[in-house]
Amino acid sequence: MDGLGRINAPLWLLAEVTYRCPLQCPYCSNPTDFAMIKNELSTEEWIRVFHEARKMGSVQLGFSGGEPCVRQDLEDLIKEAHDLGYYTNLITSGVGMDRDRLSVFKDNGMDNIQISFQASDKEINDYLAGTDAYQHKVEMAKAVKEMDFTLVFNIVLHRLNLDKMKDILDMAMELKADYVELANTQYYGFALENRALLLPTKDQLNRAEKIAHEYQEKYKDSSKIYFVVPDYYENRPKACMNGWGSTFLTIIPDGRALPCHSARVIKELEFPNVREHSIEWIWQESPAFNHFRGFEWMVEPCRSCPERFKDFGGCRCQSYLLLGDAKLTDPVCDLSPNHHVVLDIIKHAGEEVEQPLIFRNPKSSKKLSHDTDHD
């Protein structure tokens, strides 16, 4: 909502066209029960969603997953989105693409391609991906630049790769990335299951952030580098999705509409489906999308806090996952009476734990042959 209580348009549409993926990343933000969702929207149903959202005012459309390149109709969806006037993003692992397919994406109007890497070296990358994907990713990133797309280099950071920050940034610069997203793990989905093994120490984070800032200055004229601090190490919550039901609209593979990609974790809410309702009704009228709009739902200390206009109370999913109640103040905030929950979690960061990584598509229990915690 804006300052006058009006509902804004859903400017950013995220189309999670499938949860299928050939990779097994242990920090995947897809729901851990993703395999239960099989009834994906058809080509025609997705196109109807694009038309309705565009009519509502959506201007940017991201194709995501899972791995969106698994969809054999992706080329058709890209063309339709372009013809409707969207600025389009493809959020991909690079697996499922080749130069011929990239050429069709270009012809059909794709604007921006984000390729995700697991690490800057082949061993760690392929261990986390669960497949021999590293070299193909490199080749696809080079092809993206050669075909004059905007290239976004994305890497999810965590305890197993954070000490390789310099190598990661050197790789991104060598690939001539236009944008570099250094996205520290946010703990939802599989990442939450693996938090004890993925959460870095504060010292690790500080070292990595220092290097990131050095590269930001050095390459400021050629690449935009973003370093996203993990929520747990902040003292104030982020303005999650710019506020619930404010800017972002996510449609998951079976047609359910969410105000953010993780909202399904809040079991008390029933999220509407585009197979049953129009985008206009979902965005304007549905109880789920109105549930945390505005400020009336807030409890103290958020309700009277002047920062509520900046952070909107933080992340509802995080409150639910850590406290069991989505309306409570995000415990990341040091004004929250439950901030101790987050402090206790980070106090144990970096400790050795007797548990294996839980992979998204478990194929192997192999371990890395060397210590990945340090250079």
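The buried residues of α6 (165-174) are covered by parts that include β4 (112-117), α5 (134-146), β5, β6 (179-184), α9 (202-218) and β7. This is a predicted model, in which local features need pLDDT of at least 70 and side-chain atom pairs count only at pLDDT 80 or more, while totals for chains, interfaces and linings use all residues. Residues are numbered from 1 along each chain as its sequence is written, and side-chain values use heavy atoms, with hydrogens and water left out.

**Helix α6**
- Met165, Ile168, Leu169, Met171, Ala172 and Met173 of α6 are buried; buried means under 20% relative accessible area, exposed over 50%, and partly exposed in between, with a 1.4 Å probe and protein chains only.
- Helices (H or I, at least four residues) and strands (E, at least two) are DSSP runs, numbered from the N terminus.
- Lys176 follows α6 and has a positive phi, near 60°.

**Nonpolar cores**
- The largest nonpolar core has 88 residues, and those touching the most other members are Phe50, Phe63, Phe105, Phe153, Leu182 and Ile251.
- Such a core is a set of buried Ala, Val, Leu, Ile, Met, Phe, Trp, Tyr and Cys residues joined through side-chain atoms within 4.5 Å.
- Leaving aside residues up to four places away in sequence, Phe50 touches Leu13, Ala15, Leu61, Phe63, Leu77, Ala81, Leu84 and Tyr86, where contact means heavy atoms within 4.5 Å.
- Another core, of 23 residues, lies apart from the largest one and includes Tyr19, Trp297, Met298 and Cys317.

**Surface patch**
- Tyr179, Tyr226 and Val228 make a nonpolar surface patch of about 260 Å².
- Patches are made of residues with over 30% relative accessible area and no salt bridge; like charges are joined within 9 Å, and nonpolar side chains (Val, Leu, Ile, Met, Phe, Trp, Tyr) within 5 Å.
- Accessible areas come from the Shrake-Rupley method with a 1.4 Å probe, and for residues only the protein chains shown count as cover.
- Tyr226 is in strand β7 (residues 224-228) and is partly exposed, at a relative accessible area of 42%.

**Salt bridges**
- There are 25 salt bridges, each defined as a side-chain nitrogen of Lys or Arg within 4 Å of a carboxyl oxygen of Asp or Glu.
- Glu296 and Arg303 form a salt bridge at 3.1 Å, N to O; Glu296 is exposed, with 63% relative accessible area, and Arg303 is partly exposed, with 36%.
- Arg159 and Glu352 form a salt bridge in which the closest N and O atoms are 3.4 Å apart.
- Arg159 lies in the loop between β5 (150-157) and α6, and Glu352 in the segment after α14 (339-347), so this pair ties together parts that are 193 residues apart in sequence.
- Arg159 is buried, at 7% relative accessibility, whereas Glu352 is exposed, at 68%.

**Asn273**
- Asn273 is in the loop between β9 (257-258) and α10 (279-284) and is buried, with a relative accessible area of 12%.
- Not counting residues up to four places away in sequence, Asn273 touches Asp254, Gly255, Arg256 and Ile282.
- The Asn273 side chain reaches the backbone oxygen of Asp254 at 3.0 Å.
- Asn273 and Lys310 are 37 residues apart along the chain, and their C-alpha atoms are separated by 30 Å.

Methods
Polar contact = N/O pair within 3.5 Å; in protein donor to acceptor, adjacent residues only side chain to side chain.
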